[in-house]
Amino acid sequence: MVGEIPVFISPMDVEIEGNGRYRHADTVADLAAMLLSSKWPKSRPSFHSALMASLEAMEFYTDAATARAAFVIAAHEAGLRVLPDDGEKSQKNYPRNDEQRPRARAGGKVRPLEDGPR
């Protein structure tokens, strides 16, 4: 759309092209384009919410964060991975260093993770 001001979002990559193949999005228009692509499963309930939030953000130049959040919900419902959102979640689920990982004791039993730093 020539002459329109882009509505920027926090950048993301969406695994919509297949396993390990991502499309990049910097604007709400990028989100709407992915939602309207032939690769998006449109039968999911959150699809319509994400599309409406994207169109409203482009039309009124507001609520870019809301449009992005609705898109992420729709992507997850469709089984699509979103980076960096999903990357941050997976890093929170795994220990950051060897000190926090469970260790085997004598006899082969694993010591559970401790709640705080040692």
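Which pattern does the protein chain follow, read along the sequence? I read it as β-β-α-α-α-β-α, and I count four helices and three strands, where helices (H or I, at least four residues) and strands (E, at least two) are DSSP runs numbered from the N terminus.

Before going further I note that this is a predicted model, in which local features need pLDDT of at least 70 and side-chain atom pairs count only at pLDDT 80 or more, while totals for chains, interfaces and linings use all residues. Residues are numbered from 1 along each chain as its sequence is written, and side-chain values use heavy atoms, with hydrogens and water left out.

**Whole chain.** I looked up burial and found that buried residues make up 32% of the 118 residues (buried means under 20% relative accessible area, exposed over 50%, partly exposed in between, with a 1.4 Å probe and protein chains only).

**Helix α1.** Which residues of α1 are buried? I list V28, L31, A32, M34 and L35; seen down the axis of α1, they fall within an arc of 160°, so they line one face of the helix (the arc is that of the directions from the helix axis to the C-beta atoms). These buried residues pack against β1 (8-18), β2 (21-27), α2 and α3, with contact meaning heavy atoms within 4.5 Å.

**α1 with α2.** Helix α1 (residues 28-36) and α2 pack at an angle of about 145°, their axes 9 Å apart; axes are lines fitted to C-alpha atoms, for helices over the stretch in contact, and angles run from 0 to 180 degrees between N-to-C directions. I find V28, A29, L31, A32, L35 and L36 in α1 meeting F47, A50, L51, S54, A57 and M58 in α2. The residues of this contact divide into 11 nonpolar, one polar and no charged (Ala, Val, Leu, Ile, Met, Phe, Trp, Tyr, Cys and Pro count as nonpolar, Asp, Glu, Lys and Arg as charged, and the others, Gly among them, as polar).

**α2 with α3.** For helix α2 (residues 45-60) and helix α3 (residues 64-77) I note an angle of about 160°, with axes 8 Å apart. That makes α2 roughly antiparallel to α3, a term for angles over 145 degrees. Among the residues that meet are F47, A50 and A53 in α2 and A67, F71 and I73 in α3.

**M52.** Lastly I looked up M52, which sits in helix α2 and is partly exposed, with a relative accessible area of 44%.

Note on methods: Angles under 35 degrees count as roughly parallel, over 145 as roughly antiparallel, 65 to 115 as roughly perpendicular and the rest as oblique.
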